[in-house]
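Thank you all for coming.

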Amino acid sequence: MHEMGVMLNIVDQVDEIARENQVKKIHTLTLEIGALTGVMPEYMNACWDAIQEQYELFASAELNIVEIAGLGTCNRCGKIFDLVERDGVCPFCGESSYRVISGDEVVIRDIAVE
């Protein structure tokens, strides 16, 4: 499960931001997780429980995860399609060459503090 490594990286980033801004408590952390990342939201939620036990800053914080669709633009016809649903094959022209336009990222969207 590489999700714990991803979560620890996020925790380090949020902890640094909190220290820079003298924040003592996080109320809500919102993440965007792309469908193409291989990061499973349900495993991130399981990791969050362990984070809350180990880090006072996050002890009562809520984790929100927004899943971002894996979209691509077909290199042949230029149309946008869901790469996951279509297994990387354009439903309009059958081409399997595309450019990813979303879904390959894990982003801290919002940090709400008290």
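Glu114 is exposed, with a relative accessible area of 59%, where exposed means over 50%, buried means under 20% and partly exposed means in between, using a 1.4 Å probe and protein chains only. Before I go on, please keep in mind that this is a predicted model, in which local features need pLDDT of at least 70 and side-chain atom pairs count only at pLDDT 80 or more, while totals for chains, interfaces and linings use all residues. Residues are numbered from 1 along each chain as its sequence is written, and side-chain values use heavy atoms, with hydrogens and water left out.

Which residue forms a salt bridge with Glu114? The partner is Lys25, and the closest N and O atoms of the two are 3.4 Å apart; by salt bridge I mean a side-chain nitrogen of Lys or Arg within 4 Å of a carboxyl oxygen of Asp or Glu. Lys25 lies in the loop between α1 and β1 (26-34), whereas Glu114 lies in the segment after β6 (106-113), so the pair ties together parts that are 89 residues apart in sequence. Helices (H or I, at least four residues) and strands (E, at least two) are DSSP runs, numbered from the N terminus. Lys25 itself is partly exposed, at a relative accessible area of 33%.

Arg109 and Glu32 meet through their side chains at 2.8 Å, N to O. Since Arg109 belongs to strand β6 and Glu32 to strand β1, this pair ties together parts that are 77 residues apart in sequence. Arg109 counts as partly exposed at 47% relative accessibility, while Glu32 is buried at 17%.

The other pair is Arg19 with Asp15, whose closest N and O atoms are 3.2 Å apart. Both are in helix α1 (residues 3-20), and because they are 4 residues apart there, about one helical turn separates them. Arg19 counts as exposed at 56% relative accessibility, and Asp15 as partly exposed at 26%.

Let me finish with the sheet. An open sheet of 3 strands runs in the order β4-β3-β5, with antiparallel pairing, where two strands pair if DSSP finds at least two bridges between them. Its edge strands, β4 (80-82) and β5 (98-102), each pair on one side only. Strand β3 (residues 71-74) pairs with β4 over 3 bridges, and Leu71 has Asp82 in β4 as its bridge partner.
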